[in-house]
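Subject: Handing over a structure

Hello,

Here is the structure I promised to pass on to you. Have a look at it first, and then read on for what turned up.

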Amino acid sequence: MRQAGVIVAETLELLRREAVPGVTTQRLDRLASEFIVSRGGVPSFLDYDGFPAGICTSLNAQVIHGIPGPTRLQNGDLLKVDVGVWQHGYHADAAATFPIGEVTDEARALVEAVEAAFRAGVSQARAGKRIGDIGAAIQAEAERRGFRVIEDYGGHGVGQELHEEPDVPNEGEPGTGLMLRRGMTLAIEPMIAIGAGEVDVLDDYWTVVTLDGGLSAHYEHTVAITEGEPELLTVAAPPVV
């Protein structure tokens, strides 16, 4: 999973550089899929329950599961990119929100908040803690910063299957839910929004959008539960010295 996670991290970094005004989300999908294959992996999302692309690209009020297409990125957009890679029988999964060009102060604060909410959640990802501790920490941090979590969607277990038990909600009560044990691997992924945080699914059966049109942000890593500090598996390998 670490090996697949490195490819995920490298793919996200490639897309961060390439996601500029004028570029289509379809081009980003092609670049990502070609890169993943060149590194010996397979895009986890391609054909997953019929999903038609190698990555998810969700713009502005689109929260998750956006389908790449001819839409061109514009200055001021918030682009959420979700990447999964399968290699040697295991999946890794991560996502980030990229500000495109110059964005508003509120949009930048939203991006900072979703990353802070992730850090709050992952701080609870320790053996002996419970699933509810992760969700409660994510929700508290998002709301402290004035944003709402998307309660209808959340994280999940990940490993030999892309989506496994347990569900990892982005809200909850401390001390509740499944107890975490060493060796579990979880995709922890806060999704937050400006406004009410209520969502719907578009007619493409995939793209999740905020009902009130409020901007949204998404951030995710695959995390391993250890005896000590949680380990992020979807990070780049250290350089060889």
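Two strands are said to pair if DSSP finds at least two bridges between them. Helices (H or I, at least four residues) and strands (E, at least two) are DSSP runs, numbered from the N terminus. Please keep in mind that this is a predicted model, in which local features need pLDDT of at least 70, side-chain atom pairs count only at pLDDT 80 or more, and totals for chains, interfaces and linings use all residues. Residues are numbered from 1 along each chain as its sequence is written, and side-chain values use heavy atoms, with hydrogens and water left out.

Strand 11 is joined to strand 12 (residues 208-210) by three bridges, and V199 stands opposite T210 of strand 12.

Next, the pockets. On a 1 Å grid over the protein atoms alone, a pocket is an open set of points where a 1.4 Å probe fits, with protein on both sides within 12 Å along at least five of seven lines; lining residues have an atom within 4 Å of a point. A volume is the space filled by probe spheres set on the points, which are joined across faces, edges and corners.

The largest pocket has a volume of about 420 Å³. Of its 26 lining residues, H65, G154, H156, H163 and E189 lie nearest the centre. Strand 7 (155-157) and strand 8 (164-168) are the elements that give two or more residues to this lining.

The second largest pocket holds about 150 Å³ of space. Its lining includes A9, L12, Y219 and H221. Helix 1 gives the most to that lining, with four residues.

Which helix holds T11? T11 lies in helix 1 (residues 2-18). T11 counts as buried because its relative accessibility is 0% (buried means under 20% relative accessible area, with a 1.4 Å probe and protein chains only). Leaving aside residues up to four places away in sequence, T11 touches A32, F35, I36 and V83 (contact means heavy atoms within 4.5 Å).

Enjoy exploring!

Key: Buried < 20%, exposed > 50% of the residue type's maximum accessible area, 1.4 Å probe, protein only.
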